[in-house]
Amino acid sequence: MGKDVIVACDFASAEQVFTFLDKFTDRKPFVKIGMELFYAEGPAIVREIKRRGHKIFLDLKLHDIPNTVKKSMAVLSRLDVDLCNLHAGGTVRMMEAALEGLTRPDGTRPLLIAVTQLTSTDQAAMEEDLLIKEPIDQVVLHYAANAKKAGLDGVVCSPLEAGKVHEVCGDNFLTVTPGVRFADGDIGDQKRVMTPAQAKRIGSDYIVVGRPITAAEDPVAAYNRCVAEFCD
Ligand code: C5P
């Protein structure tokens, strides 16, 4: 898969997400379904969005014992999502088990990426709450290397980390980056942001964009602007 814009559909109900997606009559965006929507509507929402012709990133961030993650990934694989994720903090063994569960009998599987440290976790929280004393950027790179070692396809990371991740894990290791804003847009609660054009220059493979598209006056125009800046 090449560079693409993934739209974070952070809505609370199927009705809201369909009202939003109905606006896209031309190019069907790659859609991210997060915990809120999935827990509200269940697997049916994934099937319906897929039926409408969208690719799906199911962002459920699994983290449990290897056997449980393996069996859960097998269920997600049958839902025919294109991309899903887990926490690298679950260890290399958990990530290997996840890949096993995700792989279908015919050998195909959705792409699997890892969350390293959440961007909401800072150095102080990592040291005090998690008792991890190394610098956070090294921890992120170590977790990315673990994901690669387990055979995963990439990581979710800040656009600022994408270049380093590619240096350590190779150009083919995917970097999926949220925290994207237009140069003239609202930052909201994101702290470290980049424009789609900057994310492209720095080597992100996919950008995840929520409110700059979902809350725009003209979401289709905002989406097309992202695509033009990032993909073209
Ligand atoms: O609206 P906004 O563009 O900030 O949405 C970004 C999306 O990416 C949200 O769904 C958010 O949960 C997700 N995300 C993030 N930062 C991370 C991981 C995921 O913003 N580190």
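## Ligand site and pocket

The model is predicted, with local features needing pLDDT of at least 70 and side-chain atom pairs counted only at pLDDT 80 or more, while totals for chains, interfaces and linings use all residues. Residues are numbered from 1 along each chain as its sequence is written, and side-chain values use heavy atoms, with hydrogens and water left out.

Around the ligand (a heavy atom within 4 Å) lie Ala8, Asp10, Lys32, Thr119, Pro178, Arg181, Gln190, Val208, Val209, Gly210, Arg211 and Pro212. Five residues of this shell are nonpolar, three polar and four charged. Strand 8 (206-209) and helix 10 (211-214) each contribute at least two shell residues.

| Side chain | Ligand atom | Distance |
|---|---|---|
| Lys32 | oxygen | 2.9 Å |
| Thr119 | nitrogen | 2.6 Å |
| Arg181 | oxygen | 2.8 Å |

Of the 460 Å² of accessible area that the ligand has on its own, the protein covers 81% (Shrake-Rupley method, 1.4 Å probe).

The largest pocket has a volume of about 1200 Å³, the space filled by probe spheres set on its grid points. Among its 40 lining residues, Leu118, Thr119, Ser120, Pro178 and Gln190 are the closest to the centre. A pocket is an open set of points on a 1 Å grid over the protein atoms alone, where a 1.4 Å probe fits, with protein on both sides within 12 Å along at least five of seven lines; lining residues have an atom within 4 Å of a point. The lining comprises 17 nonpolar, 10 polar and 13 charged residues.

Notes
Polar contact = N/O pair within 3.5 Å; in protein donor to acceptor, adjacent residues only side chain to side chain. Helix = DSSP H or I, 4+ residues; strand = E, 2+ residues; numbered from the N terminus. Nonpolar A, V, L, I, M, F, W, Y, C, P; charged D, E, K, R; others polar.
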